[in-house]
Amino acid sequence: MSGAGQSAVRRALSALRHDPLAVTGSVVLVLLIVVGVAGSWLAPSGVNEVDVDRMLQPPSWSHPFGTDELGRDVLSRVLIAARVSLQVGAVSVGIALAVGVPLGLLSGYYRGWLDNILMRCMDVLFAFPVLLLAVAIVAVLGPGLLTAMIAIGVVYTPIFARVTRAGVLSVREQVFVRAAVSVGASDLRIMRRHVLPNIAAPLIVQTSLSLAFAILSEAALSFLGLGVQPPDPAWGRMLYDGRGFVTEAWWLGVFPGAAIFLTVLAFNLVGDALRDVLDPRQLTVSEARRSTG
Amino acid sequence: MSDPPVLSVEDLTVTIGTRRGPARAVAGVDWSVRAGETLALVGESGSGKSMSVLAATGLAPRAARVAGRVHLLGTELTALSPDRRRRMRGRHVGFVFQDPMTSLNPVLTVGRQIGEAAEEHLGLTRRAARDRAVELLDLVGIPSAAGRVDAYPHQLSGGMRQRVVIAMALVCEPDLLIADEPTTALDVTTQAQIVELVADLQRRLGTAVVWITHDLGVVAGTADAVAVMYGGRIVEQGPVDAVFARPAHPYTVALLAARPEPGAGGGDLATIPGSPPSPLDLPAGCAFWPRCPVRGDARCAHELPPLVPVSVDHHARTFYRPPREDA
Amino acid sequence: MNAPDVVAELDDLRVWFPTPAGVVRAVDGVSLRVRRGETLGLVGESGSGKSTTGLALLRLVDPTSGRVHVAGQDVTRWSRRRLRGLRRRVAMVFQDPQASLDPRHPVGASIAEPLVVHRLTDGGAARRKRVGELLDMVGLRREVAERHPHELSGGQRQRVGIARALAGEPDLVVLDEPIASLDLSVQAQIMNLLRGLQRDLGLTYLFIAHDLAAVEHMSDRVAVMYLGRIVESGTPAQIWREPAHPYTAALLSAVPVADPRVERQRRRIILSGDIPSPIDPPSGCRFRTRCPQAREDCADVDPVLAEVDPGHDAACLYAGEAVRAMRTETAG
């Protein structure tokens, strides 16, 4: 991104430091990423190490999160599944960003028939429930992680297209855009240099919130057996498998559930804080002057 | 001139807490306005001209700390409870703000908006309030008032909207009308209409008017007395003729010279270097010192000059004493 | 006198905008010429079409009919791509300097934009040097290039806007209300700066404003617009001393003078009502609905600009006469 984008990010980071909730969220996210990268090393035992002598053990020193119905260590599975969840979040939101933002830019900047066609397509996509769409894609590609990521990415594309378009519509009416046109800047330059940096704030916020929801969606898909296939661990899948043992083995559902909860919460905290930091312009001298004039 | 002032302000100070520290928007300001009289508060952005009036009438923002004494019709306003102050203000003071579009509620008819104040403060029924609205629209020169009373703000032109705002301000026959840059958003020919309208209403109703503006031409045409503000303080005040004919503060002198004189041709204009100071960061002595072309006294840099008499009722905040003409 | 060197010319320009309420005739038959080295003042109230006229010179709006000539070329039908080149020739300064600078970029980047877009400098060092020179020209310190718009005062921001306009060494600078949103003490600075730059660089200005006193001060010639038309044009002295169109006379009489004695003695010509809708302008003379001197034939005949004195034109059937009658009436 441009230099201005970087300075906005720097400003945001320095402001985030003073917000305890944002700091908490960020710390949790960093830990999650560490776990996602190094989960298989951190895990005390292998992900699919079956131990029939230790089925459905409650949490203990040797198995802090207990064991499941096949005697597998729940802690290890939760840690290793972090990678899947983060990967799903990153890839699906990445797809949505890569497709949605350019579509929204074109739509909002040129408007007219292009806008009409693109936005009606987005409406159609948007109207599909994520699960229905996933089922349809699964029917074509077969179930699996990739399918889940594509399905979620497709579902989030219209959201990014809409957020981008709304931002473009207001920014393109700003005088500084007209000023750029007046010095002869090309459309591409105006979109890249003037429009995109000025809609970065809502996009960053939307990204962090969508990451959280994407992880939830993956859990839902895996829960229905449309995402990650057994025996690979995924938080949603584990939740699904644990549902039969709610009364006698609560730990099967609680720990993956807590992991989902923490991750979503962390993304939400950071997203909310980013919205606060990026949205209202920092109080400037001229604003202070105007409010006292 | 023995009748008591409608509104008087003594030693008014307004400090606003901001993220970047306290902003001293108004510092030790005194002025008063009598029935039938127009006081113009003149200044640039950040001079404190609007804030001093908002604070005096209890409309300062929540973050503002207001100190000083304010008397409205002899009642000390700062001693009243917020609720009594609100009622007193609603009954005796009318406001006209700069932008008529944002002063009006877009989803209510103009008749309802004018009538609301009449219902609230005069206890009129809805029907009587509507009749009062028609009467007022007629008073402010809106043609076929009975037909326009059910119009929505967006159906009126800018000038008509400002007339509606003035009608709203006049509902309770206020003793005081506060006009905060009421013509700034309007075209010149519409401005002339509104200036004429306010002058005419004042003659007929005997209202006191505080006119806040940055336009010296408007001041010359409307005011009896003028107070020039800079950096939160009054730097010069007095009868309008005296201040315009014999300005004593270098800021007033410079302001009068900075305006292109109609018909004077195109030489370079006298300018004041720099821009008005921020209330967050005011100089130690005279706030105008950093931009002052005169700098007649070395003390100005560190010491606040006192308001000294120049002639009858005419004061200027300066150490520098220009030669007196009447001496 | 030699044939004047015309930098830009509008010939019977019409700019109509379709809206849900009907077709807005923002500019409805305007012809004007801007000569090299002069300032043409364009004055009018809101809805007069003065800003749209300025935008048409950069082809930032599409003409409905008529011709736009810039530097001897007919640019009326140029493609978007070709127009980008035109926009080096004609630059614009906007009313609100805060809004016209991208808040995300340091102002040096805004000033450099024409240089980058038109590849006028080789490499970053040359570009920074040129930005520095431009900042010098408009009276700002070179370090200002690193600042963001919100860190500057209104006057400084407008200086940046002027520096950006001058970066491409344009033939014509369109100044659209360049002082309207500035403090009074700063307005004079900007007016002096613009005049100084014109002297030093031989610039050509189209100065658009609603402030008659400022236009008179800045301009060599003045054109007064009303409801999409030029109703009077001439030198500032001609317009000021002997306005021939009743609208000009009313406008002049509405301008407040900063002298209480003058103000008290003045008899204003107060126009009734507001400027009519440009969707449905009055028949005949557009000003007749508000003209204190309107006669019967004003509703039938659409007056054209005709010479009242050498270099002084007015579009009124009773040019001169009507104004004299108005003045006697208000005086009596």
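The buried residues of helix α9(C) are C:Pro246, C:Tyr247, C:Thr248, C:Ala249, C:Ala250, C:Leu251, C:Leu252, C:Ser253 and C:Ala254. Nine of the nine residues of α9(C) are thus buried, so this helix is largely enclosed by the rest of the structure. The model is a predicted one.

The largest share comes from α6(C), with eight residues. In total, 35 residues of chain C are in contact with 39 residues of chain B. By class, the side of chain C that touches chain B has 18 nonpolar residues. Nine polar and eight charged residues complete that side.

Chain C also carries an annotation from the record. In an unreviewed UniProt entry, "domain: ABC transporter" covers residues 8–252 of chain C.

C:Asp12 has a positive phi of about 50°, although it is not a glycine. C:Asp12 sits in strand β1 of chain C, which runs over residues 6–19. C:Glu177 likewise is not a glycine and has a positive phi of about 50°. C:Glu177 lies in the loop between β7 (172–176) and α6 of chain C. C:Asp12 has 12 other C-beta atoms within 10 Å, so it is exposed; the cut-off for exposed is 12 or fewer. C:Glu177 has 20 C-beta neighbours inside 10 Å, so it counts as buried; the cut-off for buried is 20 or more.

Chain B was described as a whole. Its secondary structure comes to eleven helices and twelve strands. The radius of gyration of chain B is 21 Å, close to the 20 Å that the globule rule gives for 327 residues, so chain B is as compact as a globular protein of that length. Its C-alpha atoms fill a box of roughly 65 × 50 × 45 Å along the principal axes. Buried residues make up 51% of the 327 residues in chain B. Among contacts in chain B between residues at least 6 apart in sequence, 62% join residues at least 24 apart.

Technical notes:
Residues numbered from 1 in each chain as written. Chains lettered and ligands numbered in written order. Predicted model: local features only at pLDDT ≥ 70, side-chain atom pairs only at ≥ 80, totals over all residues. Helix = DSSP H or I, 4+ residues; strand = E, 2+ residues; numbered from the N terminus. Rg over C-alpha atoms; globule rule 2.2 N^0.38 Å. Contact = placed C-beta atoms within 7 Å. Nonpolar A, V, L, I, M, F, W, Y, C, P; charged D, E, K, R; others polar. UniProt positions renumbered as here; feature names shortened; annotations may be inferred.
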